[in-house]
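Hello,

Here is the structure I promised to pass on to you. Have a look at it first, and then read on for what I found.

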Amino acid sequence: MVCNCSPKQIKIPTFISIKREEFISICVRNPSIHKDDLWHTHVNYEICLETNSMCFRKKSSCVRRRYSEFVWLRHCLEQNALIIELPKLPPWNPFFSPRHTAEVARRMKGLQRFLESVLHTPLLLSDSRLHLFLQSDLSTTKIEKCARGKTRYTVAEAIQRSSSVHIGSLEDKGSYDSDCESSLTLFESSDREPELFSCLSESPIEP
């Protein structure tokens with residue numbers, strides 16, 4: 001199942017000596033059905049980000065996430081920004097069918113709107129879990145550990161290694177820290193239908 005979307009660029013005014021307009025372009029696309037076991041399947045979505053923003057160490061990235069991981073992310077952001085009313089996710093549907101194309105497309109668009117709104121909120125851009133969610137292939141459990149400094153690698157290293165796994169050869173896989181998950185596992189499917197920059201202090205951003 002392939003769905004092309006038009007990524008929306010979120011323009012961010014900056015106040016630095018060299019005048020330039022920062023942008024963050026986010027796109028949620030290409031839903032893929034994955035089989036959990038004999039009776040259960042789920043859909044994950046490709047999240048592609050392009051930016052020139054100082055807030056992001058990596059200027060171009062693509063990862064895959066499922067709906068339950070978006071729910072986890074919203075909960076994390078909600079804990080970190082109590083005074084902000086966070087955007088809503090597409091509602092959970094107990095009768096959601098991964099093979100219902102229109103239903104999957106609606107959810108995908110809702111997930112993109114959620115991320116666009118999050119990335120347009122400067123306070124949330126300082127949360128390292130958001131960066132790991134968008135630019136690494138770590139599971140949510142390992143994202144939490146990494147953000148708390150309980151892994152052998154830093155946030156920046158996790159993001160950088162994720163990039164290397166995407167473009168590296170299969171032979172290189174063994175050279176990565178065992179705590180880092182390979183992105184290859186996230187793409188397997190039987191049915192294919194900070195070290196972050198302190199952007200708020202260095203370049204004030206208005207919503």
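Which residues in α3 are buried? They are Ser128, Arg129, Leu130, His131, Leu132, Phe133, Leu134 and Gln135. Please keep in mind that this is a predicted model. Since 8 of the 8 residues of α3 are buried, this helix is largely enclosed by the rest of the structure.

At the start of α3 there is a detail worth a look: a side-chain oxygen of aspartate 127 reaches to within 2.9 Å of the backbone nitrogen of arginine 129.

Next, the partner helix. The axes of α3 and α4 come within 9 Å, crossing at roughly 140 degrees. The crossing in which α3 passes α4 is right-handed. On the α3 side, Ser128, Arg129, Leu132 and Phe133 take part, and they meet Ile143, Glu144, Cys146 and Ala147 in α4.

Now to the core. The largest nonpolar core has 41 residues, of which Leu115, Leu119 and Leu134 touch the most other members. Elements giving two or more residues to this core include the strands β2 (22-35) and β3 (41-51), as well as the helices α1 (67-80) and α3 (128-135). The largest share, 7 residues, comes from α2.

Leaving out residues up to four places away in sequence, leucine 115 touches Ile26, Val28, Ile47, Phe70, Leu73 and Leu134. In general, nonpolar side chains tend to be buried together in soluble globular proteins.

Enjoy exploring!

Best wishes

Key: Residues numbered from 1 in each chain as written. Predicted model: local features only at pLDDT ≥ 70, side-chain atom pairs only at ≥ 80, totals over all residues. Heavy atoms only, no water. Core = buried A, V, L, I, M, F, W, Y, C linked by side-chain atoms within 4.5 Å. Buried < 20%, exposed > 50% of the residue type's maximum accessible area, 1.4 Å probe, protein only. Helix = DSSP H or I, 4+ residues; strand = E, 2+ residues; numbered from the N terminus. Contact = heavy atoms within 4.5 Å. Polar contact = N/O pair within 3.5 Å; in protein donor to acceptor, adjacent residues only side chain to side chain. Axes fitted to C-alpha atoms, helices over the stretch in contact; angles between N-to-C directions. Left-handed = near helix turned anticlockwise from the far one by under 90°.
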